[in-house]
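Work through the exercises below with the model open beside you. Try each task before you read its solution.

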Amino acid sequence: VIYLDNHATTPCDRRVADEMMVWLVERFGNPHSTSHEMGRQAADAVAASLSVIAETLRVPDDTVVVTSGATESNNLAIDGICRHPRQKRRHLITSTIEHPAVLDVARRLRKDGFRVTEIGVHPQGHALAGQVDLVQLETALDDDTALVSIHWANNEIGTLQPIAAIAKLAHRFGALLHSDATQAVGRLPVDLHATDVDLISASAHKFYGPKGVGLLTFGGGVQRRRVRLKPMLVGGGQQRNLRSGTMSPANVVGMATALRLATSEIEATTEVTRKLRDQLFESLCDAIDPLELNGSELNSDRLAGNLNILLPDVEGEAWMAACRDVAFSSGSACSSVDANASHVIMGLGRSESEARRSVRFGIGKFNTAAELEQAIGLLSEAYERIR
Ligand code: PLP
């Protein structure tokens with residue numbers, strides 16, 4: 001199978017897996033049992049890894065929480081801020097095209113009496129297609145807004161949000177900004193100090209690290225705005241009481257190594273993935289007529305490896321079923337557990353039927369030109385068969 005679904009997950013870089021192995025098998029101490037050398041070794045490895053992560057994202061060391069992934073990080077950030085006992089504000093703003101790990105948390109808060117505003121994005125055809133409408137954001141903000149939660153880069157259409165401008169607006173009203181940066185970290189330089197974003201979520205498996213580990217940072221704001229988080233997991237009090245449970249040194253070392261490598265390779269990866277992505281689009285345009293893009297133009301505010309297209313006459317699911325040797329995904333996105341038509345594509349103003357005719361490709365750093373050529377052949381041939 002030719003893997004072109006790098007927004008769903010990426011393969012673990014072998015250099016990352018090698019670094020992790022020693023912490024699984026030989027140095028297996030509990031990083032919270034530091035009364036002996038085995039525990040201290042593990043604790044030191046965790047601390048060094050957290051420093052690497054903090055330095056890369058430009059936050060203080062003690063403001064990184066290790067979680068099971070971005071889903072948990074998003075839950076902890078949004079619920080943690082809104083439900084903190086000292087939180088006086090009762091309004092949350094998010095966008096219509098967030099990942100369900102944001103939208104479902106927001107909707108549960110709404111059920112529990114919070115005011116939740118979901119702002120829209122510019123529609124397909126607009127120069128800023130897929131970007132949140134800053135006028136809508138400004139109109140929605142008020143002095144009761146506790147938090148704005150807008151993703152950094154979209155997982156379906158790859159659109160990059162104007163995150164620094166969003167931070168500025170949120171802060172003008174005294175609100176904090178959380179950004180689900182799951183698709184951005186490791187693919188773009190994510191600098192929380194420069195952008196003044198207060199909190200971000202990420203998952204290691206999106207930047208060639210292991211699955212089941214992620215992070216939440218809460219020290220990004222330039223003025224170190226005070227972030228109070230109500231923990232979700234209570235127990236042993238690990239991670240400054242913010243997330244109880246024994247940390248996995250292998251996972252933390254793996255995440256830090258993956259982040260360090262991915263960040264140092266951003267330029268090279270961007271160049272390679274952009275070239276292959278552009279080639280894929282060009283070739284598919286020759287095979288399928290008419291083919292439309294979902295989201296912004298290819299070489300503007302968009303992740304370099306992302307391609308999301310609208311087919312004229314065939315459902316994405318049917319194309320996928322006819323082309324089993326290429327891994328890509330239909331409009332229902334990141335988790336195919338949800339068979340609904342994509343809310344992201346419909347958020348662009350497209351119809352449900354258009355959303356079902358949309359597919360997403362994610363090119364990653366391990367994809368090669370030869371592989372891509374083969375994939376284009378298979379995709380074109382399968383399309384010809386079913387249309
Ligand atoms: N947020 C975004 C933007 C994503 O792309 C994903 C990926 O699935 C998630 C959150 C959830 O990540 P995870 O499943 O690793 O918790």
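**Exercise 1.** Find how many bridges join strand β10 to strand β13, and state which way the two strands run.

*Solution.* Step one: locate β10 at residues 306–310 and β13 at residues 358–362. Strands here are DSSP runs of E with at least two residues, helices are runs of H or I with at least four, and both are numbered from the N terminus. Step two: count the bridges. Five join β10 to β13, and the two run antiparallel. Two strands pair if DSSP finds at least two bridges between them. Step three: pick one position. Asn308 stands opposite Arg360 in β13. Step four: widen the view. Four strands form an open sheet in the order β9-β10-β13-β12, with antiparallel pairing. β9 (292–293) and β12 (329–330) are at the edges with a single partner strand each, so one side of each has no neighbour in the sheet.

A note on the source: this is a predicted model, where local features need pLDDT of at least 70, side-chain atom pairs count only at pLDDT 80 or more, and totals for chains, interfaces and linings use all residues. Residues are numbered from 1 along each chain as its sequence is written.

**Exercise 2.** Decide whether the residues on the faces of strand β2 are buried or exposed.

*Solution.* A residue is buried if 20 or more other C-beta atoms lie within 10 Å of its own, exposed if 12 or fewer, and partly exposed in between; C-beta atoms are placed from the backbone. Step two: take β2, residues 64–67, one face at a time. Val64 and Val66 lie on one side, Val65 and Thr67 on the other, and all are buried. Step three: find a partner. Four bridges join β2 to the antiparallel strand β8 (residues 214–217). Thr67 stands opposite Gly214 in β8.

**Exercise 3.** Which residues of helix α6 are buried, and why do they count as one side?

*Solution.* Step one: list them. In α6 (residues 163–172), Ile163, Ile166, Ala167 and Ala170 are buried. Step two: check the arc, taken from the directions from the helix axis to the C-beta atoms. These residues cover an arc of only 100° around the axis, which puts them on the same side of α6. Step three: see what covers them. The cover includes α5 (134–140), β5 (145–149), β6 (176–180) and α7 (192–195), judged by contacts (C-beta atoms, placed from the backbone, within 7 Å). Step four: look past the helix. Gly174 follows α6, and its phi is positive, near 75°.

Notes. Contact = placed C-beta atoms within 7 Å.
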